[in-house]
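Here is a short note to read beside the model. Keep the viewer open and follow the points in order.

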Amino acid sequence: MQVCRTIPEIKAVVREAKAGGSLVGLVPTMGFFHAGHLSLMHAARRECDLVVVSLFVNPTQFGPNEDFAEYPRDFDRDKELATKEGVDVIFAPAVEEMYPPGYQTYVEVEEITRPLCGKARPGHFRGVTTVVTKLFNIVEPDRAYFGQKDAQQALVIQQMVRDLNMNVDIKVLPIVREKDGLAMSSRNVYLNPREREAATVLFRSLQLAEDKIRGGERDPARLRGEIMPTIESEPLANLEYAEILSIPGLKPLNTLQGKILIALAVRIGKTRLIDNTIVEVP
Ligand code: AMP
């Protein structure tokens, strides 16, 4: 497996592979790999000839009071895990390689970045769409792999690709969870044992919501009212949002019908966790 630190290096690797007719797959990540990341690499390995994993903790998607500096990093461990998944190249640029002095261009998707994490983290999606556009321009992948764990992010990327006529096929893969249901996240390492236990409240709330819908609940406000007590019953949990929105438009609903997203953001102590489920309501 090869490691590229600069844009000319990765471009040369991709150019050579493409000249040989290779189908190129890209898995964009911020590193500190877990089974969720590995599932994306696995799918890319199955479907593509050249698998590129980008590993870049992107400063432009973090707010001024967020965890950019503390974000967990372990390059050697990540390299070993990616090697085991059969990844061909890790592209791990320095911040100055991606944003050299004088950098001033950003990509913004409008409507669907406004609710959920867009509201809670102003500027976050602008950073995400900017870095993903740059990665697409640098790597020119035929396919790129994202996780449903970041459901809004996946929708935003798909919107951007459609709107800007980008030549890349976006694949969205299911959420990988721990045995007790907690969605895998690099940020889970921030949790102490008490918080780790409390963190299952996200999955438990989503399961309750799915049960209620299966039981015939069709009123979004009432459904929200039914999941709130579960979150509030967890003393270490602080709700940031619990929203039920349409897919793919992320609009509020009058009645639960069709494809809907139930999305949660909860602070457990100082750690912000997100989780979601997509339900097809008959
Ligand atoms: P990150 O390194 O957190 O930016 O995540 C990189 C990619 O992995 C994103 O497309 C995420 O949606 C995806 N991802 C993160 N956690 C999970 C998970 N638990 N299951 C599936 N995909 C995930």
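1. In what order do the three strands of the open sheet lie, and is the pairing parallel or antiparallel? This is a predicted model. In it, the order is β7-β8-β9, and the pairing is antiparallel. Strands of a sheet pair through backbone hydrogen bonds, and the pairing can be parallel or antiparallel.

2. Look next at the edges of this sheet. They are β7 (237–246) and β9 (271–281). Each has a single partner strand, so one side of each has no neighbour in the sheet. From one strand to the next, the twist averages 15°.

3. Strand β8 covers residues 258–268, and eleven bridges join β8 to β9. The two run antiparallel. To find your place, pick L264: D275 in β9 stands opposite.

4. A helix belongs in this picture too. Helix α9, residues 201–214, lies across β7, β8 and β9. The helix runs at about 15° to β9.

5. Turn to the rings. How many aromatic pairs does the structure hold? There are five. One of them joins F56 and Y99: the centres are 6.2 Å apart, the planes make an angle of 35°, and the pair is tilted. F56 sits in the loop between β3 (50–55) and α3 (75–84), while Y99 sits in the loop between α4 (95–98) and α5 (116–120). The pair therefore ties together parts that are 43 residues apart in sequence.

6. Are F56 and Y99 buried or exposed? F56 has a relative accessible area of 5%, so F56 is buried. Y99 is buried as well, at 12%. The cut-off for buried is under 20%. Ring pairs also link F56 and Y99 with Y103 and Y106 into a cluster.

7. Compare a second ring pair, F62 and F68. The ring centres of F62 and F68 are 5.4 Å apart, with the planes at 70°. Planes over 60 degrees apart count as edge-to-face, so this pair is edge-to-face. F62 has 9% relative accessibility and counts as buried. F68, at 26%, counts as partly exposed.

8. Last, check two arginines. R73 lies over the face of F68, 5.1 Å from the ring centre. F68 thus has an aromatic partner in F62 and a charge over its face from R73. R5 lies over the face of F75, 4.5 Å from the ring centre.

Definitions and conventions. Residues numbered from 1 in each chain as written. Predicted model: local features only at pLDDT ≥ 70, side-chain atom pairs only at ≥ 80, totals over all residues. Heavy atoms only, no water. Phe/Tyr/Trp six-rings, centres within 6.5 Å; stacked < 30°, edge-to-face > 60°. Helix = DSSP H or I, 4+ residues; strand = E, 2+ residues; numbered from the N terminus. Buried < 20%, exposed > 50% of the residue type's maximum accessible area, 1.4 Å probe, protein only. Lys NZ or Arg CZ within 6 Å of the ring centre and 35° of its normal. Pairing = 2+ DSSP bridges. Axes fitted to C-alpha atoms, helices over the stretch in contact; angles between N-to-C directions. Contact = heavy atoms within 4.5 Å.
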